[in-house]
Amino acid sequence: MLPCDLKPEQFNGYPPEARKLVSRYVSALQRLPLSFLPNLLREVIEYDFKFPAERRALEKELATLNSLSSEQIKDWLQGFAPIRLSSQLEDSDWVNAPGQFVEQLSSHLWSTHQLDAFRTAALAYAGRLRAVVPPQPPPVPRLGITVIGQGVAAHDEPLFRRLRSHGTYFSGVKPDNGFELLLNAVAARAKEHPLPYAHWYIDGGQAAAHDPALTCVSYHALEPVRAALSTKIRIEIRRPGMGPEALRTHLAQLRPADLGLAKAGDAVLDRFQVKMLTEGSGTQIFSTTFAQWTAREALRRAQPLTLLVRFAPRQRQKPMNEMLSASREAAELDPLGSLIDADMGAYYNWLNLQRLTGAEQSSFLVWFEGHNEAIAIGPSLPRGTVSNADAGLEKLLSWAS
Amino acid sequence: MDRARLAAAKASTLQELARHLAWTRREFLRTGAGIALGSSLQPSSLFARTGIPAGKRKVVVITFGGGARDQETFAPEGQENIPHLMRELIPQSTFFTQVVNRGILGHYVATASLATGVYETINNFASLPPEHPTVFEYFRKDLKRPASDAWVVAPSNGFNRIGESSHRSYGPGLGARVILPKHLLAAATSGGGPDYEHLLRDNYETPFHTPELAGSEFALQQLGMMLKLSVDDFKAHALTLSSPDELSVYIVRQLMRQQAPSLLWITMHDIDIAHAGAYSLYVDGIRRTDRLCADLWKTIQSEPEYAGKTTLFILPDFGRDSDDDSGGNGFQHHRTGDALSRTTWMMALGAGVREGVVFDRSMESTDLVPTLGSMLGFSASLAQGKPIPELL
């Protein structure tokens, strides 16, 4: 089937809000090329479970496409026109399973050497869209905080090497009650700017007591979900004919209820958490990966005003000889390795914060938990400098903002 | 927006970025390892430089299944992770700074492409042979070499079909023998338990899956016949090793001593732990690979069958994603197809290779097989790449 054959009733399988949204734009969708449309539908079908920022962006994108003339549509999407698709892709149920279509499309683009052409077309389209519908600036400058090194008593190697040129390195930080101070600071922002999913606290271990105004995700709280997922994976990989791609497709279709996570009531957050575990690579195994990937996805999708991420020690990767000895001991932790992971994770958190609107006004703080080292980045702080001033974390936050 | 994030770099800038990468690698090498720009050197023939006829030469190829980026390797901040490459191997090598892979960036299909000289399009995660003749088939058919003269050692069970293609003019019976050390380990030990499953997990690109083996894998009884190793010795030695790549290198040494193949291909995989997202483990993998490459070079120099007549090639199959590409997640994957993930390097050292020179012209990873053909005296007639004149 081709997009020109689309009919409103073909979206009856979509969740209610998504169905309502898409029904207003069927005629616009009919004009889009098949190499493009399922990518858009993949977002639409998830509309009911999207964060407010994502919903707004999608609504604007559909409205913009609807407003374009046929000539403009051709012009905007001209890069997609030469993309050749297989008959298998054309015959697939791309309306109801756009995610699977996109997975197969990706494989098709790689194998037919069309990926670069597709990237160029996608970039051109995104540029056009951004020019017409520029992202909204945040109502208040964003704040990112990353806490690293939990459980590390001492570390000789220099930290924050990738961030130092962007801000001020502090060597005299007062660590007392540091994390509590940071939690209070983000809670105060949440109360001052009470928007849904705008203030996040992500913990790679067990979450500390926090204000309910914060959207909280923690690795520890998801332990039963991870265990359920692990069991499902073990069962699936033993099924005859189950390959990596089929398994990935299966995992992408898992819902919170399948993993015992549907009773609390926040369907949007539950779906987000399940995606972190079913779509992230390594998030099921290493808490540091979970914290970094969750922060990345929270920034990309929810575009929060405030993001506090605390890394915790991940399990130690056993060397081969230990694995062979088949010890049944519980996994040990690797605080030093986790510090190195988290140091890189902090850099990625900053990079991802920089990709959001208002980046030039945003501020960012990384603290070596329990120690007197931190780096602060903000519009009023000099770059590439060192300060040995005795200062609490609250002071650093105020200087950075 | 996902569609926009897929498009991280314009195609028109890819070549510029690749050139920039090559230039910076050259500068890093000039300052870090003190090597010279090769374009000023006079050409001379390989035979004239070695005095070894093609029929007596041996070639060892090491590929990394899981590239490493410049910032963790050749850039000033990364050189601490590759002390052996920087101080021992690069000064003895001819180094190519800009090797571009225009194919699919999955490890099996990319390694198959390296081995055929054609950008293969087979499913990266299926147990399929390459569609075009492999270097092993050209070598054995053209030069009438026995099966024992071409070997592949690869850590991942998914590589069990890499030794010979499905091409109708080549294929069954003409390929390399393939050893999968982890598969040997599974056969030699009783296994069981989650750690064991984790160890045998096949492919970091798909952290959940271990495919079933099919095809011409190395049978356990050959452990004794070919490698002269008892199962007990093999198990005992495996218990002293920290990673699958160390096991591979152990097998390679044994193979060199017992079989002395003229064409030996080793694929390392430890670096690809990066897919699990733990940066420290990725860097550990780089450091281990650096050490193992140097160990293998020392073995080549010390084994009588190899010393003085062997050329060693070392190259990653491709790179990893840039931190700057919002479509990826930095070092973790190689999914964006950006310049950093497509552009890598290659070094050649040993018999007939000029020492301490660097070339930063663009070449393709498919150029390897025709180059091996010119060195060893066979024709890679169906390969897409071209022989590298700087090595001939």
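1. Basis of the note. This is a predicted model, in which local features need pLDDT of at least 70 and side-chain atom pairs count only at pLDDT 80 or more, while totals for chains, interfaces and linings use all residues. Residues are numbered from 1 along each chain as its sequence is written, and chains are lettered from A and ligands numbered from 1 in the order in which they are written.

2. Chain A overall. The chain has 16 helices and 10 strands; helices (H or I, at least four residues) and strands (E, at least two) are DSSP runs, numbered from the N terminus. Along the principal axes, the C-alpha atoms of chain A fill a box of roughly 65 × 55 × 40 Å. Of the 401 residues in chain A, 42% are buried. A residue is buried if 20 or more other C-beta atoms lie within 10 Å of its own, exposed if 12 or fewer, and partly exposed in between, with C-beta atoms placed from the backbone. Among contacts in chain A with a separation of 6 or more, 71% are between residues 24 or more positions apart; two residues are in contact if their C-beta atoms, placed from the backbone, lie within 7 Å.

3. The sheet of chain A. Eight strands make an open sheet with mixed pairing, in the order β5-β4-β6-β1-β7-β8-β2-β9 (chain A). Two strands pair if DSSP finds at least two bridges between them. At the edges stand β5 (215-218) and β9 (385-387) of chain A; each has a single partner strand, so one side of each is left without a neighbour in the sheet. Neighbouring strands of this sheet are turned by 15 degrees against each other on average, direction ignored. The axes behind that angle are lines fitted to C-alpha atoms, for helices over the stretch in contact, and angles run from 0 to 180 degrees between N-to-C directions.

4. Strand β7(A) and its partners. Strand β1 (residues 143-148) of chain A runs parallel to strand β7 (residues 363-368) of chain A, and 6 bridges join them. In this pairing I145(A) is opposite L365(A) and V147(A) is opposite W367(A). β7(A) and β8(A) form a hairpin with 5 residues between them, and G370(A) in the turn has a positive phi of about 80 degrees. As for burial, 6 of the 6 residues of β7(A) are buried. S363(A), L365(A) and W367(A) lie on one side and F364(A), V366(A) and F368(A) on the other, so that both faces are covered.

5. Helix α8(A). Helix α8 (residues 115-132) of chain A has 18 residues and reaches 26 Å from its first C-alpha to its last, close to the 26 Å expected at 1.5 Å a residue. The expected span is 1.5 Å times one less than the number of residues. Its buried residues include L115(A), F118(A), R119(A) and Y125(A).

6. Y197(A) is not a glycine, yet has a positive phi of about 55 degrees. Y197(A) lies in the loop between α9 (178-192) and β4 (199-203) of chain A, and is buried, with 21 other C-beta atoms within 10 Å. In chain B, A260(B) has a positive phi of about 45 degrees and is likewise not a glycine. The loop that holds A260(B) lies between α11 (244-258) and β6 (263-268) of chain B. A260(B) counts as partly exposed, with 15 C-beta neighbours inside 10 Å.

7. Chain B. There are 14 helices and 9 strands in chain B. Buried residues make up 60% of its 392 residues. Of the contacts in chain B between residues at least 6 apart in sequence, 75% join residues at least 24 apart. An open sheet of 9 strands, mixed in pairing, has the order β1-β9-β3-β8-β7-β2-β6-β4-β5 (chain B). Its edge strands, β1 (36-37) and β5 (177-179) of chain B, each pair on one side only. Strand β4 (residues 150-153) of chain B pairs with β6(B) in the parallel sense over 4 bridges, and V152(B) stands opposite W265(B).
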